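This report concerns the fold of one chain, the contact between two others, and one residue examined individually. The sequence and the structure are shown first.

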Amino acid sequence: MPVLAYANPERFARLASSLTPWFLGSAIGLLLAGLFLGLFMAPPDYQQGDAARIMYVHVPAAWMSMFVYGCMALASAAAFIWKHPLADVAAKASAPVGCIFTALALITGMLWGKPMWGAWWVWDARLTSVLILFFMYLGYIVLWSAIEDPARAARAARILALVGAINIPIIKFSVDWWNTLHQGATVFRTDGPSITSSMLIPLLVMAVAYNVLYAALLLIRMRAEIAERRLRSIRLGLEFEPK
Amino acid sequence: MRTFFALIRRDVTLGIRASGGAALSAAFFALIVVLAPLGLGPDMATLKSASPGLFWIAALLATLLGLERIVQPDVEDGTLDLMRLSPLPLEFMALAKIIAHWLTSGLIITLLAPVLAPLLNLSLDAVPVLALSLLVGTPALSAIGAAAAALGASVQRGGMVLALLALPLNIPFLIFGSTAVAQAQTNTDPTQALTLLGACSLIAVVVGSIAAATSMRLNDD
Amino acid sequence: MQLIGETLAALRGERIVFRNVSFEVAAGEALVLHGPNGSGKTTLLRVIAGLLGILTGRLRLLDDDGKTLTDDRRDQAFHFISHQDAIRPQLRVQETLRFHAAILGAPVKNVDAALESWGLASLATHSAGFLSAGQRRRLSLARLSLQKRKLWLLDEPTIALDAQTRAQLSIMCMEHLSKGGLIVAATHEPFLGDPKSLQLGPRA
């Protein structure tokens, strides 16, 4: 069942290699456009001035960190239900990308906080949630590498991704709740009271750019993963004819 | 049914007799409570405000310490094979193991905490809430721990993987639990926190049992 | 009851342990698995027990009416005695067997009789940690006496047993077979009269 004819993944790999340049190209284009809009064209924040422009990098990255985990969970669910080998590959390939978005969000969060509030770190709801997500990504990646048998690793990772996905809304809620209760300590408004459309557009452009970038990186990583599996199954002489 | 209780009885017996079981969890919990003032300084006011969080962190870590004994030894000695072949569904086996683990860690912590409350200057009004929050929340810690232990069974450096998997998932319980106690100390109503804690705990026990059972089936060795 | 395996192949980690294995065991028959270490004897037993998945091929366990047993009924149809003994040193002998009875779904009243027939009655209240290797093996095998099941899957059952116990096991197996039972065993020792044999891996 698990290691039979890889016709499907190979077709996917070929499709992926033809799509990748387009995705990468558009991602870079959108990123440049978004950065230009955000860093130069959009108005300065009425409260925080120009330094707040880093939010155009930070906020969409935080969104992506959650979105990618959602994708991992969906892929894991698909793997559970339909047992399609590509689903596991998609989940495994997404994890490092999501982890990088998390790290990006954390670092830019710190870069934002220092000039604004004088502190390298503040425990606001968003940064805290992203930090927890970072560890969850780490745990997922470590689980994949810690289990030697790839088939078993895939099944374990599926469970972890799904349990994590169930937990994330609870974690997010509890962190938000915790943050509003302890309001006195830090007030770190990362969004501002209202976002004008001129600020919204660069944010959305950056969000789309990140999404396309995620897709591109996902395709690249999936191709690599498929190639590695092909190599492994050839080496083991596992190429059966499908029953 | 008989199988269910037999498994609980056996795991509790092992938890008491084997090393690394109930005694270790209790000792570790007490140790953290004792270490806190040594690390934070003896100022009673500081300790009072930190005590809700400290008790809960101690509960988390003490539970974490005892997680490896939930699944790993059964994998190693072949009991897991027998459990998989048993007429009782593996999900109930997992639940039985979670209950047994709780009886030898969470329950003991719940009973011990009120006794240790004066060490961190927790106000008297908050002690019942501390006990209640631990009573309601520690089963979730055992459940999540069991799922993590099952996932990380027969993995090298399993202890680290276990901690990495279990701790992020434990955070909501830490937040709700410690907040409830803190609220009790400041004469705020902790009902909302306790309700959230209870609801999430129930979800955790159900999901944890299912996840643990599913993970236990992965052990094809 | 009948056990039929058709062109089975199994995967352990990244290695195909055996391929194209076929066999048929009918009521009253025993199948002995031969082969060097690592040739997949334990793996095949685990596959038959349903603990390990099949890569290709088909495995069927048929009841007396020729219908294929599935899931629960299948799991209750055999005893699986592996080389792991599922014995914890901290539990007493009687506690251990009682626990095994509960896991199997066997009545508790069979425990004392089983201890008796395997010569462990005098050790009932001793900690399992103090048992010798032979006594531990006997405690594992005692599971066979807890409940009547048609198929016995035995992995190296005679290891560490003294001559007397080995003879006892032989007698029990022959009795089991004569009542229409089936046995599949991985063993280097002859103890089953004239069984069918299956060679896994190259001959020694």
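Of the 204 residues of chain C, 43% count as buried in this predicted model. The radius of gyration of chain C is 17 Å, close to the 17 Å that the globule rule gives for 204 residues, so chain C is as compact as a globular protein of that length. Taken along the principal axes, the C-alpha atoms of chain C fill a box of roughly 45 × 40 × 35 Å. When contacts in chain C between residues at least 6 apart in sequence are considered, 72% join residues at least 24 apart.

The secondary structure of chain C consists of 6 helices and 8 strands. Read from the N terminus, its elements follow the order β-β-β-α-β-α-β-α-α-α-β-α-β-β. An open sheet is formed by 5 strands of chain C, arranged as E5-E6-E7-E3-E8 with parallel pairing. Strand E5 (78-81) and E8 of chain C stand at the edges with a single partner strand each, so one side of each is left without a neighbour in the sheet. From one strand to the next, the twist averages 15°.

Which strands pair with E3(C)? One is strand E7 (residues 182-186) of chain C, which pairs with E3(C) in the parallel sense over 4 bridges. Another is strand E8 (residues 196-199) of chain C, which runs parallel to E3(C) and is joined to it by 4 bridges. In general, strands of a sheet pair through backbone hydrogen bonds, either parallel or antiparallel. The table lists bridge partners of residues in E3(C).

| Residue | Bridge partner | Strand of the partner |
|---|---|---|
| C:Ala30 | C:Ile183 | E7(C) |
| C:Leu31 | C:Lys196 | E8(C) |
| C:Val32 | C:Ala185 | E7(C) |

Strand E3 (residues 30-34) of chain C has 4 of its 5 residues buried, so this strand is largely enclosed by the rest of the structure.

The report now turns to chains A and B. Their contact takes 22 residues from chain A and 22 residues from chain B. On the side of chain A that touches chain B, the elements giving two or more residues are helix H4 (125-146) and helix H5 (150-181) of chain A. H5(A) gives the most to that side, with 13 residues. By class, the side of chain A that touches chain B comprises 17 nonpolar, 3 polar and 2 charged residues.

For H4(A), the 22 residues should span 32 Å at 1.5 Å a residue, and the end C-alpha atoms are 31 Å apart, which agrees. Buried residues of H4(A) include A:Arg126, A:Leu133, A:Met136, A:Tyr140 and A:Leu143. The cover over the buried residues of H4(A) includes helix H2 (55-82), helix H3 (85-117) and H5 of chain A, together with helix H8 (126-151) and helix H9 (158-185) of chain B.

In chain B, B:Ile98 lies in helix H6 (residues 90-103). Is B:Ile98 buried or exposed? B:Ile98 has 28 C-beta neighbours inside 10 Å and therefore counts as buried, the cut-off for a buried residue being 20 or more. Apart from its neighbours within four places in sequence, B:Ile98 is in contact with B:Ser142, B:Ala143, B:Ala146, B:Val205, B:Gly208 and B:Ser209. B:Phe4 is 94 residues from B:Ile98 along the chain, and their C-alpha atoms are separated by 11 Å.

Key:
Residues are numbered from 1 along each chain as its sequence is written. Chains are lettered from A and ligands numbered from 1 in the order in which they are written. This is a predicted model: local features need pLDDT of at least 70, side-chain atom pairs count only at pLDDT 80 or more; totals for chains, interfaces and linings use all residues. A residue is buried if 20 or more other C-beta atoms lie within 10 Å of its own, exposed if 12 or fewer, and partly exposed in between; C-beta atoms are placed from the backbone. Two strands pair if DSSP finds at least two bridges between them. Two residues are in contact if their C-beta atoms, placed from the backbone, lie within 7 Å. Ala, Val, Leu, Ile, Met, Phe, Trp, Tyr, Cys and Pro count as nonpolar, Asp, Glu, Lys and Arg as charged, and the others, Gly among them, as polar. The expected span of a helix is 1.5 Å times one less than its number of residues. The radius of gyration is taken over C-alpha atoms; the globule rule is 2.2 Å times the number of residues to the power 0.38. Axes are lines fitted to C-alpha atoms, for helices over the stretch in contact, and angles run from 0 to 180 degrees between N-to-C directions.
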